[in-house]
Each structure stands twice: as C-alpha cells, then as structure tokens.
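Dear colleague,

I am passing on to you the structure shown here, and below it I set out what I found. Please read the notes beside the coordinates.

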Amino acid sequence: MERNTNIPELSQQQEMVHDLIIEGAGCASCVGKIESALKQVQGVRSASMNFAQRTVTVSGDVKQSLLINAVENAGYNAKSNTGTSEDELLDEKEKADEIYYKKLMKEMMIALTLGIPLMVYSIVGGEMTVTTTTERIVWLVVGVATLAVMYFSGRHFFVGAWKSFQNHSANMDTLIALGTGTAWLYSMVVVFFPYGVPEVARHVYFEATAMIIGLINLGLALEVKARGRTSEAIKRLIGLQPKTARVVRDDQEVDIAIAQVLLSDIVRVRPGEKIPVDGQVTEGHSTIDESMLTGEPMPVEKIKGNEVVAGTINKSGTLLFKATRVGKDTALAQIINMVKRAQNSKPPIGRLADIISGYFVPVIMIISIVSALVWLNFGPQPAIAYAIVSATTVLIIACPCALGLATPMSVMVGVGKAAEAGVLIRNGEALQTASKLTAMVLDKTGTITLGEPKVTDVILTGKFIEDDILQLAASLESGSEHPLAMAIVDSAKERNLLPKKVQNFKAIAGHGVEATLNDETLLFGNQKLMRQKKIQIANHLSTAQQLARDAKTPMYFAVNGELAAIIAVADPIKKDSIAAIKRLQKNDIRVVMLTGDNKATARAVAKRAGITEIFAEVLPEDKVEKVKELQKAGETVGMTGDGINDAPALAMADVGFAIGTGTDVAIESADITLMRGSLHGLADAIAVSKATLTNIKQNLFGAFVYNVAGVPFAAGILYPFFGLLLSPVIAGAAMAFSSLTVVSNANRLRLFKAQIH
Amino acid sequence: MFMINLIGILLIALIIWWFWLFKSKEVSALDHGIVIEVADGTYQPSRIKLRAGKPTELQFLRTDPSPCSATLLIPDLEITVDLPTDQKTSIFLPDLAKGEYPFHCQMQMYKGTLLVE
C-alpha cells in the first residue's frame, strides 16, 4: 500500500498573516517607517500598523523571523502577537458572551419589573382603559415609565431596526421595534386624545410593550448560553494545543510561547506532555496517545524519523523532534479550521429556509398591515383596538430567528460531535448526502484489511530453495510501493536476505513485474501475467486456488520462463471490520467490496468480513467505473479508500470517505475523513449525519409550523369561529422561546455517542 | 375608511419598494482597503464594489456583542471567519471572477454583497 507520510494538508484560503507587537514606537511618524521597513522584506504583500494598539499585521509569503529582524533593523522591537491565538480568541468570545448575557438579563429585569405588575393588574380585572382625568394622569406616568423601559431595555431593538431600515433591510429587531412601538404609540394616543378614539377602544397596552421587551431579552440571554454549548467540540479541539513549548536553542532548553516556535526548531517533550507543534522525531523512543485526534485508543509507537502531531500526548519516553509545521500550518490547526468551516456551511436542506428568511420580515410587515385593514373593514367594534392588537401580535409572534437558526445550530453540534469521534466532515452537503447513502463501496486493502500483508506460504515448484526465491523476489520488488511487494521485501529482510540489483525492470499494471538479473529473466505476478508470458502453471492452479480460498493472495514467480514458486501473501482483516460492516448493513446500506485482488481471494475475504457483493480484479483506473455503475443503478454511493490511490473514485462517489491509520490521512482528498483506521468510524459518520439531518428536519418543521400556524392565529383567524384572539404578551413569550427551543433541540445532538471499541 | 385602506395599501407598496426593489448605494473598495462595520443588525457598507482579478483585503470591525454578528460567511468563497468584538479582522480575498458574492451572518440577518466588476 502506498502510504502517505505527510501530515494532512488543507487548502489555504487566506495567505499567511503575521501579527506582531511593536515596542518603542512613540510617535505616529514611526508608523510609516515600520511599514516601509516591512514592505521591503521579500515576500511581503502588505503591512499595516495600528498605532493605537502598537500592532502590525503583515501578509505575504514570508517567515516571521525576517519580519522581526526588519523591524529591529529599523530601530524598534517586535515580537509575535499571540493575543489572537485560537484559545485566546475563544476566551475573549466567552468573556464577551458573558458580558452580553448579563446585560440582557439586567435589561430583562428592568422590563419585567414594570411589565409583571401591569400584567397581573390586567389579569385580576384591573381597568386598562382611559376614561377619567385621574386615569389619564396615572396612565401617562405608566406610559413614561414604559418609554424608559423601551430606552433602557429595548434600545438595541430600536437602534437595530432603524439601522437596518436605513440599509434597506429588515430583521428581528424591525419586528420587535414595530410591534412594541405600535402598542406604545397607540396607548399614548389613547392617553393624550381619549376622545379621538371610540370609547370601547380606549385601552392601553403598556404591559404588552414592557413584557414583550422583557421576555425577548430573556429569550436572547438564554440563547447566548445555549449557543455557547453548541461550540463545545471546537473548544475541546482548541484546548488540545499546549500554550508553551520547550525548544533547544543555542544548546539550551527554553520554554517559549507556542506562537514563537519556528520551523526546524528542536523541541523536547517529556512523558505526559502534549506535543506542541508538528514535527519529525530526531531522538528518543516513546508511545504517543493520538486518541484525541483520531479516536483510536491504542497509543502509537514513535522512533527516530516518525512524525508527531500537535495536540497528541507523549506517554512513556522523552522525545526530541524537529518542528516541521507550526502555527496555522499544524495538522491540529488545520483540523480546527476545517471543522469551523464545516460547522458554518449549510447542507442543501437549509436552502429553502434561507430563501424564506430573505423575504420573511417584510412579508410579516405586509401581513400585519393586511390584518389590521381586515379588522378595520370587517371586524366588530372596537375595530381599531382589534386592528392594533392583531397587527402588533402578528409582528411579535413571527420569528425569523427560529428559521435562521434551525439548520446552522444542528450542523454546528453534529459536525463537532463527528470531529470528537475522529470523523472530519468537509461541509454541510457531505453531511446531508452521507445521511442518505444506499450503497457503500469499500476498498479491500487497508480499509477492510489492515493493509499490512505478510508472506504466509512459499510453495516451491522448481529447483530453487525458499531463501533464493525470496531473495530474487525481493530484488524484483524492492523498488515497488505496492503493499504485496512490501510484504515480500519485509519477509526477505526478516531472513537477512539482501536484495540484488536488477536490470530492465518493467511494471505491468494490474499484472505484475518483470526484470533481469545476471541474464536470468524474472517474472512475478498474477495468473494473467503468467498466461500473457505463456508460463505453464496448469499443474499448480489447484494449489493457488486453495490458497485463495483461505483468503490468501497467491502470486507466481517464474525464472527463465519456468514457474519457480507460488508465494502467498495474506492481509488480515481488521479486528472490528466485521462488526462495523454489520452496522452498515443494519442501516440498509448495500456494502460492496472492491479490490484489484483475484476473485477467489476477494471472495474469501468478503465472506469472512460478511460481505456478499464484490468487484474483484479491478484495475486502479477502473474503480471509478464501478462507482459509476452503482450510481447508474440508482444508488447513492459512498466510497471508502485510503484517499491516495483511490482519489478519483472517492471524487466520483456521492460521498468519498478517506480512511486513515493515525493522523497521516490525506484530509484534502475526501468529503469525509476518518482519522482512525476502524470502519466503525464510517458507521459513526453515517450515524452522526443521520442524527444531524433528523435534528435539522425537526428544527425546520418546528420553525415552519410555528410561523405558519402562529401568524394567522395572531392575525385573528380563529376569532370568527371561536372568538379567540391572541394576546401580544403571549406572542412575545412564544417568539422568545421558539428560537431557544431550536437551539436546545440542536444541543440534544451532544448526546450522540460514537461506537466504543 | 377609504383613506385608511389607501394608506394601508400605500404602506404595503412602500415596504415592497424599500426592502426589495431599492438597491443600497455601493461603496468601492477598488483602490484602498475598506472597513466594514458590523453592528446593530447591519454591515455598513453592505454593498461593496471590487475589481475582478485583483486580490483585495477587507476589514470587518464588529462592535455589536450579539452572537448573531459573531460569524461572517462568504459561502461562494468557502470563507468562514469569527469576528472578535471591537477588533478589526482582515479577510484576504483572492482574484475573483466578475459576479455577485453575498456575505452574511450565520442566520442571514446581517447581509451584504461583494460586487466584483
């Protein structure tokens, strides 16, 4: 198997940006000097200094150390600005959310302090009408107090509504400001000009204004808290990165901030410490727990030359390693970036809600006007009061937020939960398609099996002894990266048989290899190769077939046109493949095995793995065709492979899953990346996609039904039949809690559990 | 009643014109960077003119603590950025083909468009 030893790479959508803190810049004229010094550094595209904060942002393809040198040469000091690291950003966000939450709660308290007594008064039968002068004075005082509530607790709705209006857009603020504003204005008209309003309509609605503002602030505050919980997964990922690293500089070990670790720095990690940046081990021997990234519980052994990845934990020994990727380039940083991007991408199912959201608020405003006109034209007396109540209630009950939040909140939680299980979902579309897969094509080698074949049998058919055969075969295969070839080479190595140099090497795709050694022609490959080269194998076919029936791959080795041996190689099935395949099949997914191996071996492996359908003897370039075949048959096809050899087939499939063994999987090549080697990751990916889509559907259904039923109810559609008209206060409470319900429902996804091994 | 109905219909017409038919003024970011303020439910400016085929830097300054404004998305460019409060956040746009690229918050309450010409 061709192994990708690179740390995962994601496409960068932004070029490298360096943030530096400048020291010693005392005057504004320093700005130009520093900026021009930085712009002269090769590779810098832009340099912009914020004099107030003494920071400079530099973009371009350039090393940070060169930038620091340039600033120092200009007579100032510069250091890396670590203030914008992911965890600090997160801290800042949490602090800002906390402040905002407290502000909303305070505003809620102010509003409800006025609103609740007023509402209780109206419920117990208090007169909410204006007839006498005393009543006018009392209600005027209440009206002014309500205005104060609107100012102190509801100002943000009015400012937001006005700014949006100026911008030709409308949002939730518009509806709340219009609704509460209309109720207050009408009430003040009644207070100031009671005789201009029919006697039966001299009702005030100050309690509605105060209560609505209070309740909506409460809803928003609770939503801030609930939203915080939706990003727990990303918080955990960000928390994996240590804040400092111990590097060896000038023969001395120093602890420095993670942002200051440079490429090629030698980093030391002791047992129990986290790996701070990605690198390659230069000294030492240890095991590393990569479970936080891959979900794989078994620690991985690391020796000189092995890759280590930031965020994983060094378990047993001390390691020295050379930093190969730092900052935003580490695998962890890229995973965080990818998860964040995916969390904010939308599956197609959310598009309808987006389209509706775009027109929602103005449509509600129009419905509110139409409702008022209908009451005024056809309603009973006091028509004006009914018109005001219905118009206000329509504005207040409508909740664009529930619609807008329905999809993104579930995607946030679902993608985050998947990441915790070592499943990286590229975007919302992959998430949605994965939830409705009907067929799954599994590559055999490295996907169902371990991908580490071993020589099991050497059956001699000529004059050569076993060691000679293995040495010749290893000589022939030593240049190849094919997993079967590597098995032969490893087997020879175990017996201390050194490969010899061959001439005229030729690889025959899908068949085998050919070369000469000391005038002897060597052929090594499958039955097709032997037939093509007219090698007599008829007498040994039954032996080969028996090996294949035992799930081994028989290969023929011929010297000078005569069969010399059959070498069998077996690649054991991963221990949990069978259970994971059963999980897929239980979900009504048609599982198909795909392999370049011969039919008999493929059948034997498939049988052991519990698969009944196979595509065997498929040439690498034909894998795509097999995926297409299934698609033509009406299946929604997932394809799982190692992401390197299978890239075209992964791309052709409706969802391509790249399966890795550890963190060396090629993230870029697939829609969904399974960071652990287990096929349970695949079943988990599908299960989390299904759970997320179900959650989105519940949210969308709830939000649609709420608005579609709530708005006509608020307009008074039930009044002619049952005499029912909704109170604006109830509408305010319903609106405040509808979006909270959506966020809380999305949070239920946090309970999703990946398969425990 | 006629007058009231007429006023109602005029209001409806006004809503349709103001929110759907009227296009806000475009602000050019052709020759220099631009700072877009994120506050009170809006991006200001919200319609930004850019030159095709030329990488551009946009800066977003979020002054609104509401979590609604915390995330900026430019879906066509697969850009998702968290905007910290009271800090400028730079977005580097690659060479873009001519066209309109909407940007918005997670819930699409804050909306804007990049007009690449």
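Two strands are taken to pair if DSSP finds at least two bridges between them, and helices (H or I, at least four residues) and strands (E, at least two) are DSSP runs, numbered from the N terminus. This is a predicted model, in which local features need pLDDT of at least 70 and side-chain atom pairs count only at pLDDT 80 or more, while totals for chains, interfaces and linings use all residues. Residues are numbered from 1 along each chain as its sequence is written, chains are lettered from A and ligands numbered from 1 in the order in which they are written, and side-chain values use heavy atoms, with hydrogens and water left out.

I begin with the strands of chain A. In the hairpin of β18(A) and β19(A), which has two residues between the strands, A:Asn518 takes a positive phi near 50°. Strand β18 (residues 512–517) and strand β19 (residues 520–525) pair in the antiparallel sense over six bridges, and A:Gly512 stands opposite A:Gly525 in β19(A). On the other hairpin, β18(A) pairs with strand β17 (residues 503–508), again in the antiparallel sense, over four bridges, with A:Glu514 as the bridge partner of A:Lys506; three residues lie between these strands, and A:Gly510 there takes a positive phi near 75°.

Elsewhere in chain A, A:Ser738 lies in helix α26 (residues 728–747) and is buried, with a relative accessible area of 10%. Leaving aside neighbours within four places in sequence, A:Ser738 is in contact (heavy atoms within 4.5 Å) with A:Cys399, A:Ala402 and A:Tyr706.

Turning to the interface, 42 residues of chain B are in contact with 48 residues of chain A. The area buried between the two chains, that is, the accessible area (1.4 Å probe) lost on being put together, summed over both, is about 4300 Å², of which carbon and sulfur atoms give 60%. In chain B, B:Phe19, B:Phe92 and B:Gln106 lose the most area to chain A, together 17% of what that side buries. There are two salt bridges between the chains, a salt bridge being a side-chain nitrogen of Lys or Arg within 4 Å of a carboxyl oxygen of Asp or Glu; one of them joins A:Lys163 to B:Asp40, with the closest N and O atoms 3.0 Å apart.

With best regards

Definitions and conventions. Buried < 20%, exposed > 50% of the residue type's maximum accessible area, 1.4 Å probe, protein only.
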